[in-house]
Amino acid sequence: MPFESSIWIEELYEMEHGRTMKLKVADKLATYDSKFQRIEIYDTKAFGKMLVLDGVFMTTEVDEMGYHEMLVHVPMCVHPNPRRVLVIGGGDGGTLREVLKHKEVEKADICEIDGDVIRLCREYMPALSCSFDDPRVTIYTEDGAKFIAERKKAYDVILVDSSDPIGPAAVLFSEEFYKNLSECLDDDGIASTQSESIFYHPNVIVTLAQYNKKFFKVPSYYYTMVPTYPSGMIGFSFCSKKYHPINDFKEEKAKALVKQLRYYNPDIHKGAFALPQFIRTKLEGILY
Ligand code: SPD
């Protein structure tokens with residue numbers, strides 16, 4: 001019997017749970033120690049190319065749509081006129097690619113602290129990084145927390161496409177960051193922020209919901225499926241100063257986008273806010 005040798009990559013990071021995740025590797029395409037973190041890009045057997053930062057699986061070609069489409073289109077299909085959009089983090093480009101599918105976008109700024117993530121993703125992951133040269137895009141390689149603290153009422157929608165609350169992204173999970181997020185948005189602005197898994201990180205979610213409620217009039221939480229993330233899913237804080245995620249949902253706008261998408265549709269939008277009872281109970285009095 002021929003013997004197939006196997007190389008596996010195992011996620012190093014355990015945030016609140018004893019668990020791990022392994023993927024079989026066909027090739028290692030890049031490794032680079034930037035000023036901020038170790039950046040790796042693999043060709044996996046089952047999920048296509050994958051970006052890994054400091055040992056944590058960030059995104060894969062096969063399931064990235066479950067994350068990027070939901071981070072972007074949910075707030076963009078609630079805000080009536082999202083002309084000025086900011087992405088914080090998101091150096092792989094997947095979030096930016098989705099933002100630019102909205103024709104009303106005039107300005108799409110991206111603030112990614114680590115320019116080497118952008119550089120390597122442009123080289124090895126063009127399916128995600130295909131939109132950096134769009135004329136509406138300005139790239140800032142700066143600290144996202146400082147960036148928003150210095151700008152007031154500057155954006156209609158802000159998308160926080162962060163890694164987990166360790167290393168360079170930890171500051172994006174602080175109370176001060178949520179205060180500055182609110183002030184950086186115009187009076188009817190909406191932010192969606194990467195807010196972890198209801199199964200593995202309920203304490204993080206409760207803390208973020210408290211910040212959301214403190215600084216936004218319409219706080220909510222929704223989730224999506226991503227098989228290569230811990231527990232196969234991940235959620236987002238929906239931080240809105242005026243618009244309700246379901247009552248103000250522009251269903252026609254969402255329907256018109258569907259032919260360009262692989263995950264998001266109007267039914268997914270509405271269903272994503274229906275939370276299982278165990279997490280509703282934890283969020284009782286904050287979001288419900
Ligand atoms: N546990 C990993 C969470 C990563 C979320 N951000 C991914 C960035 C993809 N653009």
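Me: Which elements each supply at least two residues of the shell around the ligand?
Reply: In this predicted model, strand β5 (56-60) and helix α1 (64-76) each supply at least two shell residues (DSSP runs: helices H or I, at least four residues; strands E, at least two; numbered from the N terminus). Residues are numbered from 1 along each chain as its sequence is written. Local features need pLDDT of at least 70, side-chain atom pairs pLDDT 80 or more, while totals for chains, interfaces and linings use all residues, and side-chain values use heavy atoms, without hydrogens and water.

Me: And where does the largest share come from?
Reply: β5 gives the largest share of the shell, four residues.

Me: Which residues come nearest to the ligand?
Reply: There are 14 residues around the ligand (a heavy atom within 4 Å), and His68, Asp92, Asp161, Ser162 and Asp164 come nearest.

Me: What does the side chain of Asp92 do there?
Reply: An N or O atom in the Asp92 side chain is 2.5 Å from a ligand nitrogen, a polar contact (N or O atoms within 3.5 Å).

Me: What about Ser162 and Tyr67?
Reply: Ser162 places a backbone N or O atom 2.8 Å from a nitrogen of the ligand. For Tyr67, a polar side-chain atom lies 3.3 Å from a ligand nitrogen.

Me: How much of the ligand does the protein cover?
Reply: The protein covers 98% of the 340 Å² of accessible area that the ligand has on its own (Shrake-Rupley, 1.4 Å probe).

How values were computed:
A polar contact is a pair of N or O atoms within 3.5 Å; within protein, one must be able to donate a hydrogen and the other to accept it, and residues adjacent in sequence count only if both atoms are side-chain atoms.
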